[in-house]
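Please read it alongside the structure shown here.

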Amino acid sequence: MASKASIEIPADAKNLVDRPARLSTRIAAILVDQIVDGVFVPGASLPTEASLGASFSVSRPVVREAVKLVEQKGLIRVKQGEGSTVLPRPEWNLLDPDVLRACLRNDDDSRLRRDVVALRSGLEADMVRRAAAHLSPEDFARMALSLETMDVATEPHELYRADGDFHRTIHYASGNEIARTVVSSLVREVRGTNVLGDRGREIYAAANADHRRIYDHLQAGDAEAAALEMAKHISSRWLLSTPL
């Protein structure tokens, strides 16, 4: 199926020529945005390498590498002699940072954000269960410091850092590298550094009360209660601090 759409070059695309080492990566990110935005619908073909090269003012090898990157993200299928065809959304790799970021930007009904929250909630609860038997006195001291910081911090970056330290202490103690990596990626793509706005202190006061209950349950050796509290915390508080 031939596509009648033409590639739309962002206003800052001229900067591409200033960063040759990142040309293919940046072009791939633009193509991802175009596909997710619906410029190229499933079943449509991307412009030819020659056309893309002319649009971006780059060589065909650079375009070829960019297209390969998009293919690795699951958005297109490349066949010799047939060009690049956009695949249906169920085949996209939503854990790829570029794809997830673009999809979240187009998440008008917040369904994807809610799916992300549900995934994080389950993974965090499991990591709490695993971590309960392995948290050291140093870990508890680090978590206590995070709690104290969140009680008094006023700047968003201070709150986020202390919040992240609290959760990461549990993540590392759990020993679950896959869950830790997935959660880190989700947090990075979903939550920006300025989404709290004027409600920052209000949201974090409630969130830190959750953190303290998690901390107290872990101190008491009640892994299941801590896990349930963590799941509740992520499901309720993360939605509030996310631009739904």
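1. Arg-120 lies in helix 5; helices (H or I, at least four residues) and strands (E, at least two) are DSSP runs, numbered from the N terminus. The model is predicted, so local features need pLDDT of at least 70 and side-chain atom pairs count only at pLDDT 80 or more, while totals for chains, interfaces and linings use all residues. Residues are numbered from 1 along each chain as its sequence is written, and side-chain values use heavy atoms, with hydrogens and water left out.

2. With a relative accessibility of 5%, Arg-120 counts as buried (under 20% relative accessible area, with exposed over 50% and partly exposed in between; 1.4 Å probe, protein chains only). Leaving aside residues up to four places away in sequence, Arg-120 touches His-167, Val-183, Leu-186, Val-187, Ile-234 and Trp-238, where contact means heavy atoms within 4.5 Å.

3. Arg-120 also forms a salt bridge with Glu-124, with 2.9 Å between the closest N and O atoms; the term denotes a side-chain nitrogen of Lys or Arg within 4 Å of a carboxyl oxygen of Asp or Glu. The two residues are four apart in helix 5 (residues 111-131), so about one helical turn separates Arg-120 from Glu-124. Both Arg-120 and Glu-124 are buried.

4. Helix 5 packs against helix 8 (residues 177-190) at an angle of about 145°, and their axes are 10 Å apart. Axes are lines fitted to C-alpha atoms, for helices over the stretch in contact, and angles run from 0 to 180 degrees between N-to-C directions. From helix 5, Val-116, Leu-119, Arg-120, Leu-123, Glu-124 and Met-127 meet residues of helix 8, among them Ala-179, Arg-180, Val-183 and Leu-186. By class, this contact between helix 5 and helix 8 has ten nonpolar, no polar and three charged residues (nonpolar: Ala, Val, Leu, Ile, Met, Phe, Trp, Tyr, Cys and Pro; charged: Asp, Glu, Lys and Arg; polar: the others, Gly among them).

5. How many salt bridges does a search of the whole structure find? The search finds 18. One of them joins Lys-73 to Asp-96, with the closest N and O atoms 3.0 Å apart. Lys-73 lies in the loop between helix 3 (60-72) and strand 1 (76-79), and Asp-96 in the loop between strand 2 (83-86) and helix 4 (97-105), so the pair ties together parts that are 23 residues apart in sequence. Lys-73 and Asp-96 are both buried.

6. Arg-113 and Asp-107 meet through their side chains in a salt bridge (3.7 Å, N to O). Arg-113 and Asp-107 are buried.
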